[in-house]
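Here is a walk through one model, from its sheet to an annotated site. Keep the sequence and the structure open together.

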Amino acid sequence: MAIEAWFMDESSEDQRLPHQTNPPEHVSMEYLADLGVLYWNLNPKNFENDEELKKIRESRGYSYMDLLDLCPEKVENYEQKLKNFYTEHIHGDEEIRYCLEGSGYFDVRDKNDRWIRIWMKPGDLIVLPAGIYHRFTLDTSNYVKLMRLFVGEPVWTAYNRPQENHPARKEYLKNFTEKFGVPLEAH
């Protein structure tokens, strides 16, 4: 089973809506991989004893793990937190998320600066490369339980766009855009 992803429309309606173009423009796993986005589909009901997850964690050095429940009942200042997550940013490290319950959207920029919406549902594990512009929101279910994975101690520092001079952004551009042509620039 593959993750669902599509190019987003330009609507400013509720960020929790699907925002598909009309007609829908679906994005393949190969297209996401060209942007550096990695994906696995695992069994979320067995995450504590999942051998495949264990192998991924060992091979990629993900030594730290925690669980995050996001919903209005469990998060103080929920609406404000959602707005913060939805601000376009990068990180200096990979962002690794495994959806155990519920659902939500990660939006990433492609090489032409278009938004791609990635719909995460139970079993979906994605890795966003350091330096890729992205944002997160829940969908209309208003609930997701995510496993966060980190290499070493958890560091989650968001650097809001523009960040063209950040070392992680420069490395991302070198690895995922220059070999294809024009590097992305902030607008």
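**Sheet and site**

Strand 5 (residues 95-102) and strand 10 (residues 144-150) run antiparallel, joined by six bridges. Strands here are DSSP runs of E with at least two residues, helices are runs of H or I with at least four, and both are numbered from the N terminus. Within this pair, Glu101 stands opposite Lys145 of strand 10.

The model is predicted: local features need pLDDT of at least 70, side-chain atom pairs count only at pLDDT 80 or more, and totals for chains, interfaces and linings use all residues. Residues are numbered from 1 along each chain as its sequence is written, and side-chain values use heavy atoms, without hydrogens and water.

The pair belongs to an open sheet of five strands, in the order 2-8-5-10-3, with antiparallel pairing. Strand 2 (38-41) and strand 3 (64-70) stand at the edges with a single partner strand each, so one side of each lacks a neighbour in the sheet. Pairing requires at least two DSSP bridges between two strands.

Now turn to the annotation. An unreviewed UniProt entry lists His89, His91, Glu95 and His134 under "binding site"; positions follow the numbering used here, feature names are shortened, and annotations may be inferred rather than shown by experiment. These residues span 46 residues in sequence, yet no two of their C-alpha atoms are more than 11.5 Å apart, so they gather at one spot.

His89 lies in strand 4 (residues 89-90). His89 is buried, at 3% relative accessible area. His134 sits in strand 9 (residues 134-138) and is buried too, at 2%. Buried means under 20% relative accessible area, exposed over 50%, partly exposed in between (1.4 Å probe, protein chains only).
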